[in-house]
Amino acid sequence: MDRTNGFDAVAWYYDRLARIVFGKSICRSQTCFLGTLSATSNILVLGGGTGWWLKEFLQKKPGCRILYVDASPAMLNLAKKAVGDDKRITFRLGTENSIMEVHEFDAVITFFFLDLFSHEKLRDVIAGIKIALKPNARWLVSDFINTTWWHACMLSVMYFFFRISTGLRNKSLPDWTGLLLAGNLRVLEHKMFFGNFIKSGLYQTTE
Ligand SMILES: C[S@@+](CC[C@H](N)C(=O)[O-])C[C@H]1O[C@@H](n2cnc3c(N)ncnc32)[C@H](O)[C@@H]1O
């Protein structure tokens, strides 16, 4: 996207809108694999948004540490409010380009983040994220997939909405599952939600 803080404009109603459109499916897709992360993981969250799940997650996994990166100051502020003063989380205003850490994280979480990029750009984004991961790291992803006509219709409406509300430039869903596999990640498990429109995958780096 051009204006990386474009999600400021939608931050205050983002979760409510998602709930209206998708019911509990978005939340379920985001939380379904969190329990698989090991108890002392060092986790990178990219494009985390409001971080509504953070507090409960850290109650269940008190030994985890999180670097929480988002390009929108408003989203980041909401996430900070959601957890309060918690030394286990470092909040960083930035993008995938702000990750300078090398082989540092046991896991990365990208919920509805990969869909922000064009297919070509996403290849590089995935390669960049992998540099920050330890060998055999976990990658938790939830995102849309496009396998039928109504998926395509909903995606057109959503990309149009985010174009006018946030300035998002990408207009179509990248083949993120294909690119993760091409990037030498293997699927350990996956789950489908909302009429197979949302896919959550638990991936692992193989190198
Ligand atoms: C579609 S929202 C998803 C939010 C959250 N992960 C969720 O599933 O509810 C995308 C989020 O990514 C952030 N974002 C957009 N471009 C980004 C980038 N290049 N790097 C980091 N965050 C970005 C936005 O500010 C927003 O919070």
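Trainee: Let me start with F194. Is F194 buried, exposed or partly exposed?
Mentor: F194 counts as partly exposed, because it has 18 C-beta neighbours inside 10 Å. A residue needs 20 or more to be buried. Keep in mind that this is a predicted model.

Trainee: Where is F194 found?
Mentor: F194 sits in the loop between β6 (185-193) and β7 (198-205). Look at its backbone too. Its phi is near 50 degrees, a positive value in a residue that is not glycine.

Trainee: What about F112, what is its phi?
Mentor: F112 has a positive phi of about 50 degrees, and it is not a glycine either. You'll find F112 in the loop between β4 (105-111) and α5 (119-131). It is partly exposed, with 17 other C-beta atoms within 10 Å.

Trainee: And which residue with a positive phi follows α6?
Mentor: That's G167, with a phi near 85 degrees.

Trainee: How far does α6 itself reach?
Mentor: Helix α6 covers residues 149-166, which is 18 residues. From first C-alpha to last, α6 reaches 25 Å. That is close to the 26 Å expected at 1.5 Å a residue.

Trainee: Let's zoom out. How many helices and strands are there in the protein chain?
Mentor: Seven helices and seven strands. Along the sequence the pattern runs α-α-β-α-β-α-β-β-α-β-α-α-β-β.

Trainee: How much of the chain is buried?
Mentor: Buried residues make up 33% of the 207.

Trainee: Which residues in the largest nonpolar core touch the most other members?
Mentor: I43, L44, V45 and V108, out of 47 residues in that core. Take V45. Leaving out residues up to four places away in sequence, V45 touches I66, Y68, V69 and I109.

Trainee: What share of the chain's contacts join residues at least 24 apart?
Mentor: Among contacts between residues at least 6 apart in sequence, 72% do.

Trainee: Last topic, the ligand. Which residues come nearest?
Mentor: F7, G47, G49, S72 and T95, out of 19 residues around the ligand.

Trainee: What is that shell like by class?
Mentor: Ten residues are nonpolar, seven are polar and two are charged.

Conventions
Residues are numbered from 1 along each chain as its sequence is written. This is a predicted model: local features need pLDDT of at least 70, side-chain atom pairs count only at pLDDT 80 or more; totals for chains, interfaces and linings use all residues. A residue is near a molecule or strand if its C-beta atom, placed from the backbone, lies within 6 Å of it. Ala, Val, Leu, Ile, Met, Phe, Trp, Tyr, Cys and Pro count as nonpolar, Asp, Glu, Lys and Arg as charged, and the others, Gly among them, as polar. A nonpolar core is a set of buried Ala, Val, Leu, Ile, Met, Phe, Trp, Tyr and Cys residues joined through C-beta atoms within 7 Å. A residue is buried if 20 or more other C-beta atoms lie within 10 Å of its own, exposed if 12 or fewer, and partly exposed in between; C-beta atoms are placed from the backbone. Two residues are in contact if their C-beta atoms, placed from the backbone, lie within 7 Å. Helices (H or I, at least four residues) and strands (E, at least two) are DSSP runs, numbered from the N terminus. The expected span of a helix is 1.5 Å times one less than its number of residues.
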